[in-house]
Each structure stands twice: as structure tokens, then as C-alpha cells.
Amino acid sequence: MSTKKISAIVLLLLGTAIFVAGASQYRKSRVPNPCLVSFTKSLGGKASMAFEDSLQRVEDYGIAGIALGSVLVFAGGVLLFKSGK
């Protein structure tokens with residue numbers, strides 16, 4: 001195998017793994033544990049704000065993972081297509 005094909009396969013696998021991890025984190029931020037949500041809301045104040053900030057951070061990391069994974073999969077696909085010719 002040529003170096004381009006190996007690099008393309010590594011990029012595809014890495015991109016897929018990062019994409020799946022990002023999607024998992026994003027889904028986790030969209031559907032938080034209802035018991036934890038009600039508990040932090042009952043505490044109010046700083047606890048509730050910290051929980052919302054934590055959910056926002058997880059959502060941002062998930063979106064970043066999805067974007068980075070998509071770029072890596074696209075780059076791996078282009079490299080694999082170019083190495084085939």
C-alpha cells in the first residue's frame with residue numbers, strides 16, 4: 001500500500017471516531033439526567049448556573065467534535081480518491 005492510502009485510511013478512521021464521540025457528547029447535552037436537572041434547579045443560584053454552563057460546554061465540545069470529524073473524513077476520502085488514480 002502506498003503512503004497516501006495508509007494516510008487516507010487513518011484519517012477516515014480517526015475522523016469517524018471523533019465524529020461518533022462528538023455526536024455522543026452532543027446527544028448527552030440535549031438529554032440530561034432529569035433527576036440531576038430537578039436537583040440543581042431546586043438548589044438554585046450558583047448550582048443551577050454551573051450546571052447550565054457545564055451542559056453548554058459539553059454541547060460546544062460535541063459540535064466541535066462533529067465538525068472536526070467531518071473535516072477529517074472528507075480529507076481522508078479525498079486522499080483515498082486521489083491515490084486510486
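In what order do the elements of the chain run from the N terminus on? They run α-α-α, and the chain holds 3 helices and 0 strands, where helices (H or I, at least four residues) and strands (E, at least two) are DSSP runs numbered from the N terminus. The radius of gyration of the chain is 19 Å, well over the 12 Å that the globule rule gives for 85 residues, so the chain is more spread out than a compact globule; this radius is taken over C-alpha atoms, and the globule rule is 2.2 Å times the number of residues to the power 0.38.

This is a predicted model, in which local features need pLDDT of at least 70 and side-chain atom pairs count only at pLDDT 80 or more, while totals for chains, interfaces and linings use all residues. Residues are numbered from 1 along each chain as its sequence is written, and side-chain values use heavy atoms, with hydrogens and water left out.

**The chain as a whole**

Along its principal axes the C-alpha trace spans about 60 × 15 × 15 Å. Of the 85 residues, 18% count as buried, where buried means under 20% relative accessible area, exposed means over 50%, and partly exposed lies in between (1.4 Å probe, protein chains only). The accessible surface of the chain comes to about 6,000 Å², of which 69% belongs to carbon and sulfur atoms; such areas come from the Shrake-Rupley method with a 1.4 Å probe, and for residues only the protein chains shown count as cover.

Among contacts (heavy atoms within 4.5 Å) with a separation of 6 or more, residues 24 or more positions apart account for 85%. The chain has 10 positive and 4 negative side chains, and the centres of the two sets lie 17 Å apart. In that count Lys and Arg are positive and Asp and Glu negative, with His and the chain ends not counted, and the place of a charge is taken as NZ of Lys, CZ of Arg, CG of Asp or CD of Glu.

**Helices α1 and α3**

The 28 residues of α1 should span 40 Å at 1.5 Å a residue, and its end C-alpha atoms are 40 Å apart, which agrees; the expected span of a helix is 1.5 Å times one less than its number of residues. Helix α3, with 40 residues, reaches 59 Å from its first C-alpha to its last, close to the 58 Å expected.

The buried residues of α1 are A8, G15, G22 and S29, and they pack against α3. In α3, the buried residues are S48, F51, E59, G62, G65, G69, L72, G76 and S83, and what covers them includes α1 (3–30) and α2 (34–43).

**Individual residues**

The table sets out relative accessible areas for residues taken up in this section.

| Residue | Relative accessible area | Class |
|---|---|---|
| S29 | 8% | buried |
| E59 | 13% | buried |
| L72 | 16% | buried |
| A23 | 28% | partly exposed |
| L13 | 59% | exposed |
| M1 | 76% | exposed |

L72 is found in helix α3 (residues 45–84), where, not counting residues up to four places away in sequence, L72 touches L11, L14, G15 and I18. L72 and V31 are 41 residues apart in sequence and 27 Å apart in space, C-alpha to C-alpha.

E59 also has its place in helix α3, and, leaving aside its neighbours within four places in sequence, E59 is in contact with Y26, S29 and R30.

Which side of the exposure scale does L13 fall on, buried or exposed? L13, which has its place in helix α1, is exposed, with a relative accessible area of 59%. The C-alpha atoms of L13 and G76 are separated by 8.6 Å, although these residues are 63 residues apart along the chain. A23, likewise found in helix α1, is 28 residues from F51 in sequence and 20 Å from F51 in space, C-alpha to C-alpha.

M1 lies in the segment before α1 and, leaving aside neighbours within four places in sequence, is in contact with I6 and I9. The C-alpha atoms of M1 and T40, 39 residues apart along the chain, are separated by 55 Å.
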